[in-house]
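Hi everyone, thanks for making time this morning. Please have a look at the model on the screen while I talk you through it.

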Amino acid sequence: MNKIKFSIVAVLLLMSLTISPNVVSAQDETIVVYGMPYDFTEFSQFTAQSYATVQWLSSVSAGLFARDVDEDRNYSPDLAASMPTVSADKKVYTVTLKDDLKFSDGSDLTADDVVFSYQALLSPSINLNTYSTYATYFTNDSIVKIDDKTIEFTFGDPYAFAIGLLAGTIQPAAHFQDR
């Protein structure tokens with residue numbers, strides 16, 4: 001009897017591994033599977049109430065710069081066309097966006113979205129866990145659109161890890177500014 005029970009369990013286990021409707025192959029569209037300890041209902045890092053949600057959203061949104069996957073983990077341009085131009089006093093960072101950037105809905109990503117995203121990070125009413133860090137170095141007036149592809153970031157003081165602050169994720173202003 002034990003051998004029959006074992007055989008049935010083994011067959012069911014093998015069937016569950018081979019007949020799963022959720023099997024993803026390399027030919028399928030990209031599917032992200034991510035475990036969350038609660039229902040995922042908020043899709044904006046600006047309004048998310050959970051640190052876990054913000055972490056997840058940061059992994060699917062791009063920033064001006066991102067860490068390389070190499071051993072050194074240095075920053076390199078992501079949405080930026082190149083590393084920023086830095087003033088002699090190490091306070092002003094000028095960033096130019098790559099050509100033809102789009103959000104997932106097909107809308108253009110412009111300097112307006114970058115300025116909006118950083119000003120949202122600097123809004124105490126949004127209560128992001130990074131507010132105190134960004135507010136230490138920036139004010140809303142220190143992030144300025146030069147043209148549709150160029151943004152100037154003026155730090156209050158030189159900061160050794162400036163590129164890390166310029167790696168914050170960019171969100172579409174059109175989707176969030178009314179909120």
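First, the ground rules. This is a predicted model, so to speak of local features we need pLDDT of at least 70, and side-chain atom pairs count only at pLDDT 80 or more, while totals for chains, interfaces and linings use all residues. Residues are numbered from 1 along each chain as its sequence is written, and side-chain values use heavy atoms, with hydrogens and water left out.

Now the overview. The protein chain has six helices and six strands; these are DSSP runs numbered from the N terminus, with helices being H or I of at least four residues and strands E of at least two. Along the sequence the pattern reads α-α-β-β-β-β-α-α-β-β-α-α. Of its 179 residues, 29% count as buried, meaning under 20% relative accessible area, with exposed over 50% and partly exposed in between, using a 1.4 Å probe and protein chains only. Among contacts with a separation of 6 or more, 52% join residues 24 or more positions apart; a contact is heavy atoms within 4.5 Å.

Nine of its eleven residues are buried, so H3 is largely enclosed by the rest of the structure. What provides the cover? It includes helix H4 (131–137), strands S5 (143–147) and S6 (150–154), and helices H5 (162–165) and H6 (173–176).

Take Phe153: beyond its neighbours within four places in sequence, its contacts include Leu64, Val114, Tyr118, Phe138 and Leu166.

Most residues other than glycine have a negative phi. Lys90, in the loop between strand S3 (85–86) and S4, has a positive phi of about 65°. At 47% relative accessibility, Lys90 counts as partly exposed. Asp100, in the loop between S4 and H3, has a positive phi of about 55°, and at 72% relative accessibility it counts as exposed.
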